[in-house]
Amino acid sequence: MNDMRTKQQTVRDLYAAYLEDRKDIVGAMLTEDFTFSSPRDDHIDRATYFERCWPKEPFFRAIDIEFLAVDGDEAAVRYRAEKLDGGSFGNMESLRFRGDRIASVEVYFGRTL
């Protein structure tokens, strides 16, 4: 039970760090061989993830987690992201852990809200 709560908190901390533009915090959460996949990216490495997936300027006003489940070394999260320009969208992500660090993230784009 404690391991599940720790992983849930890690997922919450990941999105909070993204909002705060804290690559240093996220870097410590990821394994060295971390991969990121989405409809636009196929198993990119962590360096490419930080180049492509972290905005150069603030982009989001809020990321609200609507659903979060952890089962063993996997987590599923559904969230609503609100952009600074007023737009918003929903996504689902699948995260895999190795120990207490995130080894991979797969993003499934949602619709514009």
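**View 1. Asp41, a buried residue of strand S2.** Asp41 is buried in this predicted model, with a relative accessible area of 10%, and the place of this residue is in strand S2. Since buried means under 20% relative accessible area, the value of 10% puts Asp41 in that class. The side chain of Asp41 makes a polar contact with the side chain of Arg52, at 2.7 Å. When neighbours within four places in sequence are left aside, Asp41 is in contact with Phe36, Arg52 and Cys53, and Cys53 is itself one of the buried residues of helix H3.

**View 2. Helix H3 and the elements against which its buried residues pack.** Helix H3 covers residues 46-53, and within this helix Arg46, Thr48, Tyr49, Phe50 and Cys53 are buried. Which elements do the buried residues of H3 pack against? They pack against H1, H2, strand S1 (30-38), S2 and S6.

View 3. Not counting residues up to four places away in sequence, Lys7 touches Val70, Gly72, Asp73, Phe97 and Gly99. A further pairing across the chain is that of Lys7 with Ala75, for these residues are 68 residues apart in sequence, while their C-alpha atoms are 7.9 Å apart in space.

**View 4. Tyr108 and a nonpolar surface patch.** Tyr108 is found in strand S6, which runs over residues 101-112. Together with Phe67 and Met92, Tyr108 makes a nonpolar surface patch of about 280 Å². Why can Tyr108 count as partly exposed? Its relative accessibility is 45%, and the partly exposed class lies between under 20% for buried and over 50% for exposed. The C-alpha atoms of Tyr108 and Ser94 are separated by 8.3 Å, although the two residues are 14 residues apart along the chain. The side chain of Tyr108 also makes a polar contact with the side chain of Glu106, at 2.5 Å.

**View 5. Two residues with positive phi, Asp21 and His43.** Most residues other than glycine have a negative phi. Against that background, phi of Asp21 is near 55 degrees, a positive value in a residue other than glycine, and phi of His43 is likewise positive, near 55 degrees. Where is each of them placed? Asp21 is found in the loop between helix H1 (2-19) and helix H2 (23-29), whereas the place of His43 is in strand S2, residues 41-45. Asp21 is partly exposed, with a relative accessible area of 46%.

View 6. In an unreviewed entry, UniProt places the feature "domain: SnoaL-like" at residues 11-104. In the predicted model, the chain over residues 11-104 is 26% helix and 54% strand, and the C-alpha atoms at the ends of this stretch are 12 Å apart.

Technical notes: Residues numbered from 1 in each chain as written. Predicted model: local features only at pLDDT ≥ 70, side-chain atom pairs only at ≥ 80, totals over all residues. Heavy atoms only, no water. Patch = residues over 30% accessible without salt bridge, like charges linked within 9 Å, V, L, I, M, F, W, Y side chains within 5 Å. Areas by Shrake-Rupley, 256 points an atom, 1.4 Å probe, with all protein chains shown as cover. Salt bridge = Lys/Arg side-chain N within 4 Å of Asp/Glu carboxyl O. Helix = DSSP H or I, 4+ residues; strand = E, 2+ residues; numbered from the N terminus. Buried < 20%, exposed > 50% of the residue type's maximum accessible area, 1.4 Å probe, protein only. Polar contact = N/O pair within 3.5 Å; in protein donor to acceptor, adjacent residues only side chain to side chain. UniProt positions renumbered as here; feature names shortened; annotations may be inferred. Contact = heavy atoms within 4.5 Å.
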